[in-house]
Amino acid sequence: MERLQKVIADYGYTSRRKAEKLIVEGKVKVNGSIIKELGTKVSNNDTIEVEGNILEKSNKVYYLLNKPSGYITSVSDELGRKVVTDLIDSNERIYPIGRLDYDTTGLLLLTNDGELTNILMHPKNELEKTYVARVTGKITMDELYKIKKGLKIEDRVCEVKNIKIKKYNKENDSTLVSVTIVEGRNHIVKKLFGSLGHKVVKLKRETYGFLTLDNLPLGRYRTLSLKEVKKLYNYKKTSN
Ligand code: URA
């Protein structure tokens with residue numbers, strides 16, 4: 001038997017402190033009855049419902065990693081190079097959702113949930129990702145306009161949701177630029193700027209849908225909360 005607030009937190013629903021608040025507010029049911037006492041103990045056989053959500057044990061795991069440079073986005077590498085799963089201590093067979101290049105840093109999700117992977121990777125669901133790139137040279141207004149309008153990269157136009165010049169660095173003649181795209185073609189950001197003659201010398205993914213890196217240090221990871229996972233599932237368009 002364990003305390004209700006601890007069990008709610010262990011499910012990953014929310015923190016223990018917030019679970020206590022939900023209990024006091026009458027938003028938690030055990031076996032169908034509202035429980036407002038904080039000391040209540042529950043067992044594995046009890047059905048717990050929080051804000052209308054029944055908590056279910058699952059072996060699904062979800063990690064948000066701040067990928068460092070020098071890691072392959074894969075679960076193994078035949079050349080023996082370091083892979084992103086080396087950075088995560090998990091008992092489950094996890095894999096990365098999508099890919100970041102060997103030299104790209106930033107937000108990468110890893111999971112063993114195939115259904116969520118399909119949702120997040122499906123182009124129809126238009127998940128926005130924001131990258132911050134340092135590119136060689138100065139990006140002109142004309143180039144900015146062309147990128148916004150949509151440049152054809154290989155056989156398809158790369159739809160850019162947002163692009164902002166953050167800073168031009170005179171000393172090394174490079175530009176820091178932030179770009180938001182939905183698509184997931186390999187090397188797409190490098191190809192996009194490369195098509196205008198700007199080499200990407202540094203690339204970091206800062207956001208993935210609503211998820212951000214916050215202050216997560218490079219090479220570190222955290223697990224996603226149940227609420228975050230639910231929100232990711234909500235990217236599924238009903239027409240799929
Ligand atoms: N676009 C790239 O060019 N590289 C990445 O790692 C991600 C997007």
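I am working with a predicted model, in which local features need pLDDT of at least 70 and side-chain atom pairs count only at pLDDT 80 or more, while totals for chains, interfaces and linings use all residues. Residues are numbered from 1 along each chain as its sequence is written, and side-chain values use heavy atoms, with hydrogens and water left out.

Entry one, T207. I found T207 in strand β15 (residues 200-208), where strands are DSSP runs of E with at least two residues, helices are runs of H or I with at least four, and both are numbered from the N terminus. T207 is buried, at a relative accessible area of 18%; buried means under 20%, exposed over 50%, and partly exposed in between, with a 1.4 Å probe and protein chains only. I noted that the side chain of T207 reaches the backbone nitrogen of T130 at 3.1 Å.

Entry two, salt bridges. I counted a side-chain nitrogen of Lys or Arg within 4 Å of a carboxyl oxygen of Asp or Glu, and the count comes to 14 salt bridges. One of them joins K161 and E126, with the closest N and O atoms 3.6 Å apart. K161 lies in strand β13 and E126 in the loop between α3 and β10, so this pair ties together parts that are 35 residues apart in sequence.

Entry three, a further pair. E154 and K191 meet in a salt bridge at 3.2 Å, N to O. E154 is exposed, at 56% relative accessible area, whereas K191 is partly exposed, at 28%.

Key:
Polar contact = N/O pair within 3.5 Å; in protein donor to acceptor, adjacent residues only side chain to side chain.
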